[in-house]
Amino acid sequence: MCSALPAFTLLVYKCPVAHAGIVTNWYAQMSSAPSRHLWKPILIVAAVVFAYAGVLAGLSRLWWEDENYSHGLLIPFVIGYIIWAERRRLASLAPRPQVFWGAAAVVMALLMLWAGTAGAELFTQRTSLVLLLAGLAVYFSGWRLLRAVGVPLLLLVLAIPIPTIVFNKIAFPLQLFASRCAVWAMRMFDIPVLREGNVIELYPLGSTTTKKLEVVEACSGIRSLMTLVTLAVVFAYFTRPSDDEGRGGRRFERFRSLRAVLIVLAAVPIAIITNAARVSGTGVLARYYGTEVADGFFHEFSGWVIYVVAFLLLFAFGWLLDRFNPTRRGGRGDGGAPADASEVKAEVVENPAPASATVRVGSEGTAGLQ
């Protein structure tokens with residue numbers, strides 16, 4: 001049963017600017033420093049691009065050719081948009097360089113690049129780029145900038161293909177799960193069926209011989225799993241609640257972090273279950289309309305439909321979590337704000353603050369995943 005569950009494949013350039021996130025590490029210096037100092041970040045960016053030119057070219061080519069990772073084509077553009085949207089806040093972060101830890105991360109990244117090149121291990125080469133960018137951020141601006149660009153770095157990690165041995169360890173159990181679900185659904189419709197591993201054998205109506213449907217690797221759902229997890233990170237970031245009135249405090253910060261984690265984790269069962277439903281539906285229809293439905297227009301169209309359903313379920317889960325927002329008025333997550341302004345005024349009169357006291361409103365935020 002051949003699958004073509006779409007990822008994010010679009011007609012974009014074959015060589016996306018995967019190193020766009022590098023500019024963030026020196027945005028504060030570039031925005032305020034005189035033009036005579038611009039050569040320093042430009043030189044560092046050029047050095048990184050030169051060292052990873054082969055890695056970036058191979059990664060871009062794989063995104064273009066392999067449907068399992070075609071969502072990576074959009075990752076550089078999403079990263080660029082996030083950095084552009086947060087450019088003012090990133091520039092306002094006070095630099096607190098951590099030279100030792102930053103240099104250690106850079107050296108470790110270069111060693112990983114060398115080892116990966118010597119051993120022809122692509123995953124090590126590609127992950128070393130992420131470590132290098134993180135090390136540069138810490139070296140020049142400290143941990144605050146690293147937290148601020150946490151989401152772009154995480155998206156870059158999700159766009160890196162996992163090793164084949166790990167891929168197969170994940171894909172085959174998913175194939176078996178999808179085939180079991182298909183057999184269970186078909187038996188609910190009193191359809192005689194036999195399963196051997198990931199191969200389903202049945203009698204289509206009007207046929208005198210049995211037909212076999214194979215839940216191949218593409219039907220395992222790992223493609224939709226990787227794509228939906230990436231989408232969940234983007235969704236959690238762009239829909240993160242804000243506390244403009246400063247009523248949430250630490251409780252709100254914990255809620256926002258927990259909300260992001262739960263949304264990303266929820267993407268895993270949603271992707272697996274929706275793919276199993278798709279395979280089950282294909283098996284049932286194969287009984288009444290023949291096994292051709294496993295390869296024709298229905299199979300292509302069902303991939304889009306199931307993906308939209310998966311995203312709607314993810315959206316619904318996020319909406320449900322927002323009902324528990326501590327700053328939401330009139331709900332279970334109500335932060336307990338005073339009913340009217342008179343109560344606030346009375347409290348201030350009864351407990352006047354010292355004239356020399358300094359009150360800090362709000363808390364430091366980050367552009368990272370919270």
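A salt bridge is a side-chain nitrogen of Lys or Arg within 4 Å of a carboxyl oxygen of Asp or Glu. The model is predicted: local features need pLDDT of at least 70, side-chain atom pairs count only at pLDDT 80 or more, and totals for chains, interfaces and linings use all residues. Residues are numbered from 1 along each chain as its sequence is written, and side-chain values use heavy atoms, with hydrogens and water left out.

**View 1. Glu86 pairs with Arg240.** Glu86 and Arg240 form a salt bridge. Their closest N and O atoms are 3.2 Å apart. Glu86 lies in the loop between H4 and helix H5 (87–92), and Arg240 lies in the loop between H11 and H12, so the pair ties together parts 154 residues apart in sequence. Helices (H or I, at least four residues) are DSSP runs, numbered from the N terminus. Glu86 counts as buried because its relative accessibility is 12%. Buried means under 20% relative accessible area, exposed over 50%, and partly exposed in between (1.4 Å probe, protein chains only). Arg240, at 23%, is therefore partly exposed. Glu86, Arg89 and Arg240 are linked in a network of salt bridges. Side chains of opposite charge can pair when their charged atoms come close.

**View 2. Glu67 meets Arg223.** This salt bridge has its closest N and O atoms 3.0 Å apart. The pair links distant parts of the chain, 156 residues apart. Glu67 sits in the loop between helix H3 (53–65) and helix H4 (75–85). Arg223 belongs to helix H11 (residues 222–238). Arg223 has a relative accessible area of 7%, so Arg223 is buried.

**View 3. Arg256 and Glu253 pair within helix H12.** The two residues form a salt bridge, with the closest N and O atoms 3.6 Å apart. Both lie in helix H12. They are 3 residues apart, about one turn of the helix. Arg256 is buried because its relative accessible area is 9%. Glu253 has 23%, so Glu253 is partly exposed. By the salt-bridge rule, the count comes to 5.

**View 4. A nonpolar surface patch.** Which residues make the nonpolar patch? They are Trp184, Met188, Phe189, Leu205, Tyr288 and Tyr289. The patch covers about 770 Å². Accessible areas come from the Shrake-Rupley method with a 1.4 Å probe; for residues, only the protein chains shown count as cover. Patch residues have over 30% relative accessible area and no salt bridge; like charges are joined within 9 Å, nonpolar side chains (Val, Leu, Ile, Met, Phe, Trp, Tyr) within 5 Å. Helix H10 (164–188) and helix H12 (249–289) each supply at least two residues of the patch. Tyr288 is in helix H12. Its relative accessibility is 40%, so Tyr288 counts as partly exposed.

**View 5. Gln125 in helix H7.** Gln125 is placed in helix H7 (residues 122–141). At 11% relative accessibility, Gln125 is buried. Which residues does Gln125 touch, not counting those up to four places away in sequence? Tyr52, Val55, Leu113, Gly116, Thr117 and Ala120. Contact means heavy atoms within 4.5 Å.

**View 6. Leu154 and Val130.** Leu154 lies in helix H9 (residues 150–158). Leu154 has 32% relative accessibility and therefore counts as partly exposed. The C-alpha atoms of Leu154 and Val130 are separated by 8.7 Å. Along the chain, the two residues are 24 residues apart.
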